[in-house]
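I opened my notebook today to look up a few things in a protein model. Here is what I looked at, entry by entry.

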Amino acid sequence: MGCGALGGRDDDQVSRHGSVCGQPAIKGRIVGEVDGNSAICGIENAVEVTRVGGVLLSQPAVMECNTARVLNAWVQRDMDQIVGIMGGGVQELQVAAHYVCRTRNHKAGAKVSEHGKGRAIDISAFRLKDGSEISVLRDWDNGRKGRILRRLHKSACGPFGTVLGPESDRFHQDHFHFDTANYRSGAYCR
């Protein structure tokens with residue numbers, strides 16, 4: 001499915017004032033097809049996202065438009081409200097990973113990760129406007145910042161199909177994994 005899934009027109013071809021995916025708040029550039037050098041990886045209509053909802057990404061993140069839209073909506077609706085005015089609000093998401101053709105948790109023989117389909121982003125910290133940050137690794141069990149991280153994790157469950165964090169397994173001790181996989185039983189959140 002391309003970026004134009006909404007409204008019936010092919011929004012992956014529309015980029016006005018640096019916006020992509022048909023939403024002014026998603027900034028970046030159109031990449032087009034990403035060949036994953038494998039029959040199991042790749043993105044048909046990829047974008048490279050640099051900003052969502054007015055919040056900078058620490059590095060450009062390659063993904064498909066549905067994932068960009070879900071991330072943008074979560075930032076504007078949930079993240080902004082949860083972090084609030086602490087440190088002046090969130091200025092930047094620290095991106096730990098985005099598109100990469102690999103298996104889940106880099107395990108041999110495992111299913112391909114949603115990262116390999118452009119449907120995942122990993123966030124390790126939230127840099128605030130005053131220069132401080134809320135770090136998943138350092139702050140998960142740390143007072144007010146820890147409570148904010150737990151609320152952020154919980155709020156992502158539903159908008160994203162999979163939400164993993166420090167309590168899910170040893171592979172997610174230092175970041176949140178968000179992806180837009182669809183499950184018949186509902187979102188998978190740990």
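My entries below go from a helix to the disulfides and then to the salt bridges.

**Ground rules**

I am working with a predicted model, where local features need pLDDT of at least 70 and side-chain atom pairs count only at pLDDT 80 or more, while totals for chains, interfaces and linings use all residues. I number residues from 1 along each chain as its sequence is written, and the side-chain values use heavy atoms, with hydrogens and water left out.

**Entry 1: helix α1**

I took helices (H or I, at least four residues) and strands (E, at least two) as DSSP runs, numbered from the N terminus. How far apart are the end C-alpha atoms of helix α1? I found 25 Å for this helix of 19 residues (65-83), which agrees with the 27 Å it should span at 1.5 Å a residue. The expected span is 1.5 Å times one less than the number of residues.

After the helix comes Gly84, and its phi is positive, near 60°.

**Entry 2: disulfides**

I counted a disulfide wherever two cysteine sulfur atoms lie within 2.5 Å. How many are there by this rule? I got three disulfides.

Cys21 is joined to Cys65, S to S 2.1 Å. Cys21 sits in the loop between β1 (19-20) and β2 (23-35) and Cys65 in helix α1, so this pair ties together parts that are 44 residues apart in sequence. The link is left-handed, with -80° about the S-S bond. For accessibility I used buried for under 20% relative accessible area, exposed for over 50%, and partly exposed in between (1.4 Å probe, protein chains only). Cys21 is buried at 2%, and Cys65 is buried at 1%.

Cys41 is joined to Cys101, also with S to S 2.1 Å. This pair links distant parts of the chain, 60 residues apart: Cys41 is in the loop between β2 and β3 (42-52), and Cys101 is in the loop between β5 (90-97) and β6 (120-128). I noted 85° about the S-S bond, a right-handed link. Cys41 is buried at 11%, whereas Cys101 is partly exposed at 33%.

Cys157 is joined to Cys189, S to S 1.9 Å. This link is right-handed, with 95° about the S-S bond.

**Entry 3: salt bridges**

My rule here was a side-chain nitrogen of Lys or Arg within 4 Å of a carboxyl oxygen of Asp or Glu. The structure holds nine salt bridges, and I looked up some of them.

Arg119 pairs with Glu114, with the closest N and O atoms 2.7 Å apart. Is Glu114 buried or exposed? It counts as buried, at 8% relative accessibility, while Arg119 is partly exposed at 28%.

Glu167 meets Arg150 at 3.0 Å, N to O. Glu167 lies in the loop between β8 and β9 (176-179) and Arg150 in helix α3, so the pair ties together parts that are 17 residues apart in sequence.

Arg138 and Glu133 meet at 2.4 Å, N to O. Arg138 is exposed at 54%, but Glu133 is buried at 18%. Salt bridges with shared partners join Glu92, Arg127, Glu133 and Arg138 into one network.
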